[in-house]
Amino acid sequence: MSDRIDQLRVQIDAINSELLTILNKRAEVVLEIGKAKQEKGMEVFDPEREERILSSLCSMNRGLLTDEMIRVIFKQIFDECSNLQRAQMNEAMDSAEMTKSR
Ligand SMILES: C=C(O[C@@H]1C=C(C(=O)O)C=C[C@H]1O)C(=O)O
């Protein structure tokens, strides 16, 4: 019994590692978008874009997770990615301020 669980947990660990790599790759692209937004003076939060992504993912969804579950999971990803963009923008503004006050 626990052999079976151990085997399955090896699979889960490998999948987790892939997810981690992919999420960090996504975060890199998100930060590039954040830089471009800052240059254009755009807001971080883009609810229309988020809704388009969620609708598209739900329409592609053929798996065990319900559309509602997909929405909750991806909304959390969007929120954390938006936090990354905000942190990057704040850092850029702080360092611009420091340069000005020197
Ligand atoms: C990354 C962006 O910024 C925010 C985060 C999103 C995301 O993580 O996919 C989507 C929309 C925005 O709320 C973007 O505008 O594309």
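Modeller: Here is a walk from the helix pair to the ligand. Keep in mind that this model is predicted. Two packed helices are described by the angle between their axes and by the distance between those axes. Take helix α2, residues 47–60, and helix α3, residues 67–100. Their angle is about 145°, and their axes lie 10 Å apart. The crossing of α2 and α3 is right-handed. On the α2 side, the contact is made by Glu50, Glu51, Ile53, Leu54, Ser55, Leu57 and Cys58. On the α3 side, Asp67, Ile70, Arg71, Phe74, Lys75, Phe78 and Ser82 take part. Sort the residues of this contact by kind: seven are nonpolar, two polar and five charged.

Now follow Glu50 to the ligand. A polar atom in the Glu50 side chain lies 2.6 Å from a ligand oxygen. The side chain of Lys37 has an N or O atom 2.7 Å from an oxygen of the ligand. For Gln85, a polar side-chain atom is 3.4 Å from a ligand oxygen. On its own, the ligand has 360 Å² of accessible area, and the protein covers 94% of that. In total, 14 residues surround the ligand. Arg26, Lys37, Asp46, Glu50 and Gln85 are the closest.

Methods: Residues numbered from 1 in each chain as written. Predicted model: local features only at pLDDT ≥ 70, side-chain atom pairs only at ≥ 80, totals over all residues. Heavy atoms only, no water. Axes fitted to C-alpha atoms, helices over the stretch in contact; angles between N-to-C directions. Helix = DSSP H or I, 4+ residues; strand = E, 2+ residues; numbered from the N terminus. Left-handed = near helix turned anticlockwise from the far one by under 90°. Contact = heavy atoms within 4.5 Å. Nonpolar A, V, L, I, M, F, W, Y, C, P; charged D, E, K, R; others polar. Near = heavy atom within 4 Å. Polar contact = N/O pair within 3.5 Å; in protein donor to acceptor, adjacent residues only side chain to side chain. Areas by Shrake-Rupley, 256 points an atom, 1.4 Å probe, with all protein chains shown as cover.
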